[in-house]
Amino acid sequence: KLQLLSLNIMDGQPSLLLTCLHICPLPGVGCSSVQQKIYVQLNKTFPCVRLLNATHQIGCQSSVSGDTGVLHVLETETDLDWVLSSGPNPPYVVLMVAEHFNRSTMMKLKGSARVAGVAVVISKAGPAQGFSPHHSCPNQNSGVYSDSYGPELAGCNVTVWNPLGNSLSYEDFRFPIFSLHEGEEADVIRKCFLDHNRGVNGSDPAYPLCAMQLASHMYAVKDTATCMRRNDIQSRFSISPEFVCDALADYNVWSSLKPLNNSGKGHLDGESVVIAATRLDSRSFFWNEAPGGESAVGGFVTLLAAAQALRAVVEDHPPSQNILFTFFQGETFDYIGSSRMVYDMENGKFVIDLDNIHSLVEIGQVALHRNGQLWLHSDPVSRRNSSVRSELISNMKSTALNLSLSVAEPDVSQPLPPSSFQRFLRARPIPGVVLTDHMSAFSNRYYESLYDDAEYLNVSYPSGLSPEEQLEYVTDTAKTLAEVATLVARSLYKQAGGLDDHLSSINADPKIVTQMLYGFLVQSNNSWFRSLVSPDIVKNLVSAILFPASGPQPPQYYVGVPTSGDPVKMPTWLVQYVLANFTGTLRNLTQTQCKNPEDLEGESKDLYSYFWVQGPVPPNSTQGEGYCVRAPVRLVKAHSPAFELHQYSSRDYSTWTESRWKQIQARIFLVASRDLEMLTLGVGVAVLLVSLVVTYFINSKADLLFSSSRETTSTAY
Amino acid sequence: MNLERVPNEEKLNLCRKYYLGGFAFLPFLWLVNVVWFFREAFVKPPYTEQQHIKTYVKRSALGLLLWVAALTTWITIFQHFRAQWGEVADYLSFTIPLGIP
């Protein structure tokens, strides 16, 4: 702190820093230490970034080198007044705890020119009254209901699905907003504020003041059409192209009970398929912070467990119809994954087409059901004369009777909740249901927010358990989700034409569910996941841990953009490998054979994917045995058709893009008053000028000064 | 080249070349012409070729002024309306600014 104080006159402006370079004893080495003495870098922060769609830009923007303001901690209404009107040293960077991070406060700050940025300290548990920065009617313009299809149901006219949604994630802020977690860094910032920014006895605080600089300069602007056009111009005319945005995209995971030939695309004669779908992604206000517990993980863990449960029966007693498991990516952003799959089916680019679909069962948010009560939603427009749909519903209801669950239908006139199924309905009136834990509005009080995490789903462990013991500990949430998975598996089996006799042998394993919940919600780098994935992904799992010291880390479910170093998102990899291990068979192949099995008899890359899996690591060894798994599990692109068709203003398909940026940085330091800064600069310039004059003078009189002085000294002796 | 050592015919020749070259959309040649031959045309004691040099320098200056006026007007208009023009302006731009419309 003393060092900070002694150097405070230098301020935080990099340009001003240049004027002070003469104090560096050694170029380079010395200066970096000066920088360290001035700034305290905040590393564990997550920014809010700019996203764009066909019509809008959302998120946050800072100036190129970052926005700087005097730090002020927001605790009461007076603090808000201080920032917005009475404080004497604007602009301010506001530090707030998560309770204040609500719409009314943020909109007040957004409207003020005295705010240079906001830092939000995230606590472990969310506000009791709930918090959702998402829309109250998610994906309302990309679902099935519109003026031409059930106009009375469009725009959440009947049911507001996410009543707590305040749409904060869809605002456009002109200042940067960062999040940081409660902990050491938050304490350092608070201490800096308490030490410097509070006046003695109610007087105005005196300089030097504690300031914060937040940098998150976004390249893209306005909308997707603009940024894609600029990408295009850059790639065609620029020598060093600087792209400004990328489409949100990743991969869907799909698998089928009986393998489908991947080399043949389009309609499959005589094939009738039951689709079991769910979503893989979530989001929050901040970039790449998306625990997605209830909104994604609960659903896809249920479907994975159901796929695993079906395996025991289908080998000996396969149902007459095929079942296609699909895990859609990017559904949060106007159904990227499902709209792409439907588009591919329509255009003969997928292994089956829409006519092959018998019916569809979607697992929505299911982890927060009360007393085993689940709800089956169906579409009131297309269901009027569908026998398949009523069969599906009666199947599910009768299956639930043997379990400790009850399944009911909500009021007839209620539309479907936001679901991938809506994208299928846009193309074809396919019979189907969406299984959820809510009758009307979501049970989820933290929809698409930071708090939709393990804790909210009650995935917690008795204290004192080691990570290995936690992995094996069966939580109550896992038990109830395993019940739901059993229900799903049995209903799917029955729906696909399986016989009732075998239903009782289909049971989801609570232990596997609890392991999945641990891996997907608490710690992805665990021994079980490591044993299921390929050695390359194990390396990624370990290196993906950003802050090893700060405890276990689950994967984040924000769909993001594909990068060269990270072509497929970690959750997608994990789901693919878990599914392959659950539904595949062990093949006695070496690692090289596993990579290229075409030449071997009885193996086919068209029917199956081959996965080289690390295998469990024996107690006193660092490397597993490794084995080859053969499973009909595949990845297909979840990249919105709008980008394929170059329709960047599309109203039918998702147009979401993420801006690029160069630097994300947050730091605090002490600033001097403007007067002192100017005085320092003035003195510096004056010294420079004086030294120039003196040097010139000395130089011109050099003969006189130096030679004569030597002579005079010598004569003096 | 030092103009002092060049014969007067050579000066006139050079001045004319620069003057004519400026018409190939090269206003900088006119600028150079004006700066270089200003002394020759207006300060030096009269000589035979001076009359011609004077004309060329005057015309170069006029052309230069027109160019400056035209460019200033266009740049002002372009910078002011670039964001508004959207697509057209992007295609007219050599470097596209990052993060602003």
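Contact here means heavy atoms within 4.5 Å. Keep that cut-off handy for the tour of this predicted model.

Stop 1: Select Ile177(A), Phe300(A) and Phe520(A). In the largest nonpolar core, which has 120 residues, these three touch the most other members. Now colour helix H8 of chain A, residues 293-314: with 13 residues, H8 supplies the largest share of this core.

**Stop 2: around Phe300(A).** Zoom in on Phe300(A) and show what surrounds it. Skipping anything within four places in sequence, you'll find Thr278(A), Arg279(A) and Leu280(A) in contact with Phe300(A), along with Phe327(A), Phe520(A), Tyr557(A) and Val575(A).

Stop 3: Next, pick Leu153(A), Met341(A), Phe350(A) and Val434(A). They are among the 28 residues of a second, separate core.

**Stop 4: a nonpolar patch on chain B.** Switch to a surface view and select Leu71(B), Trp74(B), Ile75(B), Ile77(B), Trp85(B), Val88(B) and Leu92(B). Together they make a nonpolar surface patch of about 640 Å². Which elements give two or more residues to the nonpolar patch? Helices H3 and H4 of chain B do, with H3(B) giving the most, five residues. Click on Val88(B) and you're in helix H4 of chain B.

**Stop 5: confidence.** Colour chain B by pLDDT. The chain averages 91, and 99% of its residues score at least 70. For the complex, the predictor gives an ipTM of 0.79 and a pTM of 0.87.

Key
Residues numbered from 1 in each chain as written. Chains lettered and ligands numbered in written order. Predicted model: local features only at pLDDT ≥ 70, side-chain atom pairs only at ≥ 80, totals over all residues. Heavy atoms only, no water. Core = buried A, V, L, I, M, F, W, Y, C linked by side-chain atoms within 4.5 Å. Buried < 20%, exposed > 50% of the residue type's maximum accessible area, 1.4 Å probe, protein only. Helix = DSSP H or I, 4+ residues; strand = E, 2+ residues; numbered from the N terminus. pLDDT = per-residue confidence, 0-100. Patch = residues over 30% accessible without salt bridge, like charges linked within 9 Å, V, L, I, M, F, W, Y side chains within 5 Å. Areas by Shrake-Rupley, 256 points an atom, 1.4 Å probe, with all protein chains shown as cover. Salt bridge = Lys/Arg side-chain N within 4 Å of Asp/Glu carboxyl O.
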